[in-house]
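Please have a look at the structure below, then read on.

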Amino acid sequence: MYINGEFIESQTKEWIELRNPATQEIVSRVPQSTPEELKEASRVAQDAFKTWKKTSLLSRQRKLLDLQLAIRENMDRIATSIVTEQGKTFKDAQGDVLRGLQVVEHACGITDYMKGELLNVSKDMDTYTIKEPLGVTAGIAPFNFPAMIPLWMFPLSIACGNTCIIKPSERDPGAMMILAELAEQVGIPKGVLNVVHGSVDTVNFLCDDPNIKAISFVGSDHAGKYIYNRGSANGKRVQANLGAKNHGVIMPDADKNHVLNQLTGAAFGAAGQRCMALSTAIFVGKSKEWLPELVERAQKLKVTGGFEPDADLGPLITVQAKERVESLIQSGVDEGANLVLDGRGIRVPKYENGNFVGPTILSDVKTNMRCYKEEIFGPVLVCLNVDTTEEAIDIINKNPYGNGTAIFTRSGSVARLFQEEIDVGQVGINVPIPVPLPMFSFTGSRGSIIGDLNFYGKSGLQFYTSIKTVTSLWRSEDAEAGLSSVNMPTMN
């Protein structure tokens with residue numbers, strides 16, 4: 001663990017085996033932090049807040065500038081940890097780090113973002129706002145982006161003057177531990193950033209501990225709803241990004257080559273383990289005739305260990321994840337879908353024990369099928385056919401999730417119709433994975449998020465701060481002797 005600026009060996013008796021998903025070899029053991037260790041992390045974070053909140057914005061900005069440089073210089077080291085523990089390809093792991101680094105770079109502008117507002121509301125009277133930190137915050141991160149998601153959380157939190165406790169996924173905490181090491185090297189004060197480990201017991205502590213004022217979570221529906229309800233019941237501010245079912249609408253007038261390339265990458269990249277994976281294709285009209293060529297491109301993808309230079313996708317995170325994905329594929333077949341490309345049973349040389357599923361495509365899928373209704377979180381593309389844009393929009397809007405969607409077309413009017421009528425938080429026009437850069441916010445909607453405030457950008461800043469409004473009166477005539485007024489101030 002990383003508590004109070006020191007790496008501490010846990011005294012726990014409960015350990016979680018961490019295995020390389022490509023080989024099943026044990027990489028490490030992750031502790032279930034003890035109650036005493038969790039309380040200590042909370043205590044030091046609370047103590048550190050008392051002084052950290054009083055540091056100047058320029059001092060905090062300087063630390064973030066140093067941190068972003070350290071992350072950039074150690075990008076390959078962090079990516080190597082991600083490949084080993086999570087199974088991504090090396091290039092994809094570098095992208096994981098880079099997208100998180102961009103949030104750190106954006107947080108370096110904290111001196112502009114913390115400005116308040118002032119208005120002279122009456123003679124000699126001003127009203128102004130001050131953005132203040134909340135206190136101790138917590139972040140609970142998923143396995144699929146072990147660098148990017150923690151970097152969505154703690155840099156902006158500490159830039160605002162909070163302290164932070166991060167619980168990385170017990171399946172791949174190595175990236176976060178490297179980030180903690182870099183934070184120590186650049187002089188982030190002791191107790192400002194802390195890292196604890198574990199599963200349900202640690203989550204419950206973070207939801208219940210009175211020192212913690214806010215929780216950021218990214219992960220599954222079940223866990224997210226549980227954390228939101230338990231944390232909120234304890235008076236905490238909670239933001240929770242949950243599941244997704246992202247649709248790509250393919251219009252017959254679209255650039256076929258662009259569509260096939262983008263759809264292949266967005267559906268199967270990272271072995272489909274992205275909350276923004278384009279896992280569902282809706283072919284409109286004659287565009288369904290492109291399916292055989294899509295199958296051909298998917299078949300050319302190289303499935304292997306993440307360190308191979310020609311790797312396109314690696315393994316799934318666990319044996320259980322592989323079994324679940326294969327079960328959902330079979331459910332599609334059993335319910336009448338057409339399995340046009342089957343990635344089950346793939347054999348990867350040198351990695352015979354890995355959790356591999358190759359690119360898989362199910363066509364003629366219906367919205368009542370389990371493979372459509374559930375988030376598969378694997379390299380599986382489910383394909384539906386409709387006759388009109390309006391039908392495609394109707395399918396997407398009836399789906400409970402609202403993380404992301406995309407349309408591929410050459411028609412500006414069709415794109416505008418789609419943009420206006422679709423009820424999804426993040427829309428791509430000829431862009432398959434429309435995740436905004438950090439000057440905006442991650443605006444997933446409906447069933448994909450619980451909480452009023454989104455991650456990073458202006459919304460993220462709001463999440464990590466509270467607003468204090470001050471009304472100040474310095475009456476010029478009070479410099480002279482006079483009578484006090486007992487009337488209600490009218491501010492005229």
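Lys468 and Glu132 join their side chains in a salt bridge, at 3.1 Å from N to O; a salt bridge here is a side-chain nitrogen of Lys or Arg within 4 Å of a carboxyl oxygen of Asp or Glu. Because Lys468 lies in strand β22 and Glu132 in strand β6, the pair ties together parts that are 336 residues apart in sequence. This is a predicted model, where local features need pLDDT of at least 70 and side-chain atom pairs count only at pLDDT 80 or more, while totals for chains, interfaces and linings use all residues. Residues are numbered from 1 along each chain as its sequence is written, and side-chain values use heavy atoms, with hydrogens and water left out.

**Salt bridges**
- By this rule the count is 26 salt bridges.
- Lys468 is partly exposed at 39% relative accessibility, and Glu132 is partly exposed at 26% (buried is under 20% relative accessible area, exposed over 50%, partly exposed in between, with a 1.4 Å probe and protein chains only).
- Lys88 and Asp96 form a salt bridge at 3.0 Å, N to O, and both residues are buried.
- A network of salt bridges links Glu40, Arg43, Asp47 and Lys50.

**The sheet**
- Three strands make an open sheet in the order β5-β6-β22, with antiparallel pairing (strands are DSSP runs of E, at least two residues, numbered from the N terminus; two strands pair if DSSP finds at least two bridges between them).
- β5 (118–122) and β22 (465–473) are the edge strands, each pairing on one side only.
- Four bridges join β5 to β6 (residues 125–133), and Ser122 stands opposite Met125 in β6.
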